[in-house]
Amino acid sequence: MKTIAEASLQSNSNKTAGCSMEWDGLSCWPAVSEGKIVSVRCPLLLLKPETPPVVITRNCTVRGWSKPSLPYYEACYYAAYEQEEDVGKEKNYFDTLKLIYSVGYGVSLAALLIAVMVFCCFRKLLCTRSYIHLNLFVTFMLRSLAVFIKDAVLFADKSTDHCTVSTLQCKAAVTFFHFCVLSNFSWLLVEGLYLQTLLLFTFAHTRRIFWIYAIIGWGSPSATTVVWALLKKQLDDEGCWDNLESNLWWIIKIPILLSIFINLMIFLNVSRLVVQKTKATHVKQSETHLYRKLVRSTLLLIPLFGVHYVVFALFPEHVGVGPRLYLELVLGSFQGFIVAVLYCFLNEEVSSSY
């Protein structure tokens, strides 16, 4: 529901402007006076991978909004002679993409729930490493739930006017989603930091430093999300807070980028340390086996869930939209399932506990 202030604001803008605010299903056209020309960029999801952002314009005339300077299918993706056939293909493409990532998050959620129950049932498995794994499992579960909640709140009703919708529910859903993503990347970073600690400090007090990991994993995402939400409320309280073109988006994006690149550096450094230790002549056979076990059980996680984000981390949003969607939505939706397999179902300690 719209607030009284929003309704009043929209009513006043509609009276004074020649053309009222309009949502055409893809873009939001703001209210302007007669004779003005408004330009919007082609939606990224429809943009050709090989072309830069395309601008579509409309004129505000006496009779209202004119037709777009170019149809979306022509300006953004499709050739005119393939219009009807390709529009259907594009709709099927995004429907299929949503189905795949929904299945992926559902499978991940189920697998992670089983993994958490396994670790909790076998108490002898619980140690600092297991507690870190459990927290990582929880963040993947929360991320899956956040995606389902966000889709249900923002996109369940296809008739929703995304120009004016600005409810507490949709803002809360987006805020919760950002918190879950931040905490997920934070605990992936903790996994890398823990592995680095094990290799550098043989007698590290891991129980003490676990609380430092907990602050990194839960405290920093909580503080970042609160700061972002407060600034959005004060400076950019429009829509459902899902505008990625806002400068405030960097408050969320910078910690994620830092996590990705720190994890990448840890991966490269840990790889160097493992190679050095396994080649050393004074290292005992049992220690060499331990290092190789660490590589199999933990090191694989860092490149698997970090390097593919590095590929697009510093590129503009319109670059590589197709591959980006598959990497971040399709592969990302199955991350939790792969984590459960690596850390629980294929874990030798878990298998020996049965």
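Hi everyone. Two rings of Phe, Tyr or Trp count as an aromatic pair if their centres lie within 6.5 Å. Keep that in mind as we look at this structure, which is a predicted model. Searching the whole structure turns up ten aromatic pairs.

Let's take one of them. Phe119 and Phe137 make a tilted pair, with 5.9 Å from centre to centre and 55° between the planes. Phe119 belongs to helix H3 and Phe137 to helix H4, 18 residues apart, so the pair links distant parts of the chain.

Now for the surroundings. The largest nonpolar core has 25 residues, and Phe119, Ile132, Leu136 and Phe137 touch the most other members. Helices H3, H4, H5, H6 and H11 each give two or more residues to this core. Apart from it there is another core, of 24 residues, including Val147 and Cys240.

Back to Ile132 for a moment: beyond its neighbours up to four places away in sequence, Ile132 touches Trp187, Val190, Glu191, Tyr194, Phe210 and Tyr213.

Next, a charged residue. Lys150 sits in helix H4. Lys150 is buried but has no salt bridge, and the nearest side chain of opposite charge, Asp151, is 5.3 Å away.

Finally, charges over rings. Arg58 lies over the face of Trp29, 5.0 Å from the ring centre, and the charged end of Lys253 sits over the ring of Trp250, 5.1 Å from its centre.

Terms used
Residues are numbered from 1 along each chain as its sequence is written. This is a predicted model: local features need pLDDT of at least 70, side-chain atom pairs count only at pLDDT 80 or more; totals for chains, interfaces and linings use all residues. Side-chain values use heavy atoms; hydrogens and water are left out. A nonpolar core is a set of buried Ala, Val, Leu, Ile, Met, Phe, Trp, Tyr and Cys residues joined through side-chain atoms within 4.5 Å. Buried means under 20% relative accessible area, exposed over 50%, partly exposed in between (1.4 Å probe, protein chains only). Helices (H or I, at least four residues) and strands (E, at least two) are DSSP runs, numbered from the N terminus. Contact means heavy atoms within 4.5 Å. Lys and Arg count as positive and Asp and Glu as negative; His and the chain ends are not counted. A salt bridge is a side-chain nitrogen of Lys or Arg within 4 Å of a carboxyl oxygen of Asp or Glu. Rings of Phe, Tyr and Trp (its six-membered ring) pair if their centres lie within 6.5 Å; planes under 30 degrees apart count as stacked, over 60 as edge-to-face and the rest as tilted. A charge sits over a ring if NZ of Lys or CZ of Arg is within 6 Å of the ring centre and within 35 degrees of the ring normal.
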